Amino acid sequence: MRMAGRENDRITVAKIAGTAARHARPATLSSEQEQAAIIELGETAAGRSDLLAQYAGLAIGLHEGDYDHACYLRAAQLCIRAGADTSLMPQWITEGQRRAQAIRERHRRLRQAADAEPSGPPDEP
């Protein structure tokens, strides 16, 4: 049952992510649009303020300094307005930063490996 619960949580976080991203794409929302987004996020989270906090924190931490960081900040703010447990967000921001660093490190290693490979066609015997 525990594994099924975690899988359900991952699915809910993915739904929250999609909903938040969709509503956060425009740079500004009318008050009616913002209220609709908050209501939809609340319904999607089904009372799980911890999952709203998880997505909000990961969005902030993962995309810190990215060209689209402002969009992710707007998505996080919508989650907060929808009831995210803000006391949980710092741990998720830290986790997002850790994941972003791991991604950058993996890309760096791949670039190094690509640079180390011979650039021409293989020698024929």
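This report describes helix packing, cysteines and selected residues in a predicted model.

Residues are numbered from 1 along each chain as its sequence is written, and side-chain values use heavy atoms, with hydrogens and water left out. Because the model is predicted, local features need pLDDT of at least 70 and side-chain atom pairs count only at pLDDT 80 or more, while totals for chains, interfaces and linings use all residues.

**Helix packing**

Two packed helices are described by the angle between their axes and the distance between the axes. Helices are DSSP runs (H or I, at least four residues), numbered from the N terminus. Axes are lines fitted to C-alpha atoms, for helices over the stretch in contact, and angles run from 0 to 180 degrees between N-to-C directions. The table gives the values for two pairs.

| Pair | Angle between axes | Distance between axes |
|---|---|---|
| α3 and α4 | about 165 degrees | 9 Å |
| α3 and α5 | about 40 degrees | 7 Å |

Helix α3 spans residues 49–62 and helix α4 spans residues 69–81. At their angle, α3 and α4 are therefore roughly antiparallel to each other; angles under 35 degrees count as roughly parallel, over 145 as roughly antiparallel, 65 to 115 as roughly perpendicular and the rest as oblique. The crossing of α3 and α4 is left-handed, a term used if the near helix is turned anticlockwise from the far one by less than a right angle, with right-handed if clockwise. Contact (heavy atoms within 4.5 Å) involves Leu 52, Tyr 55, Ala 56, Ala 59 and Ile 60 of α3, and, on α4, His 69, Tyr 72, Leu 73, Ala 75, Ala 76 and Cys 79. These contact residues of α3 and α4 comprise ten nonpolar, one polar and no charged. In this classification, Ala, Val, Leu, Ile, Met, Phe, Trp, Tyr, Cys and Pro count as nonpolar, Asp, Glu, Lys and Arg as charged, and the others, Gly among them, as polar.

The angle between α3 and α5 makes α3 oblique to α5. Here α3 passes α5 in a right-handed crossing. On α3 the contact includes Gly 57, Leu 58, Gly 61 and Leu 62, and on α5 it includes Trp 92, Gly 96, Arg 99 and Ile 103. By class, the contact of α3 with α5 holds ten nonpolar, five polar and two charged residues.

**Arg 99**

Arg 99 belongs to helix α5, residues 89–116. Its relative accessible area is 32%, so Arg 99 is partly exposed; buried means under 20%, exposed over 50%, and partly exposed in between, with a 1.4 Å probe and protein chains only. Beyond its neighbours within four places in sequence, Arg 99 is in contact with Leu 58, Leu 62 and Trp 92. Ala 82 is 17 residues from Arg 99 in sequence and 25 Å from it in space, C-alpha to C-alpha.

**Cysteines**

A disulfide is a pair of cysteine sulfur atoms within 2.5 Å, and by this rule the model has zero disulfides. The cysteine sulfur nearest to Cys 71 is that of Cys 79, 12 Å away. Cys 71 is buried at 8% relative accessible area, and Cys 79 is buried at 0%.

Thr 12 lies in helix α1, residues 2–24, and is buried at 18% relative accessibility. Apart from neighbours within four places in sequence, Thr 12 is in contact with Thr 44, Ala 45 and Leu 51. Ala 46 is placed in the loop between α2 (31–45) and α3. Although Ala 46 is not a glycine, it has a positive phi of about 50 degrees. At 62% relative accessibility, Ala 46 is exposed.

Methods. Helix = DSSP H or I, 4+ residues; strand = E, 2+ residues; numbered from the N terminus.
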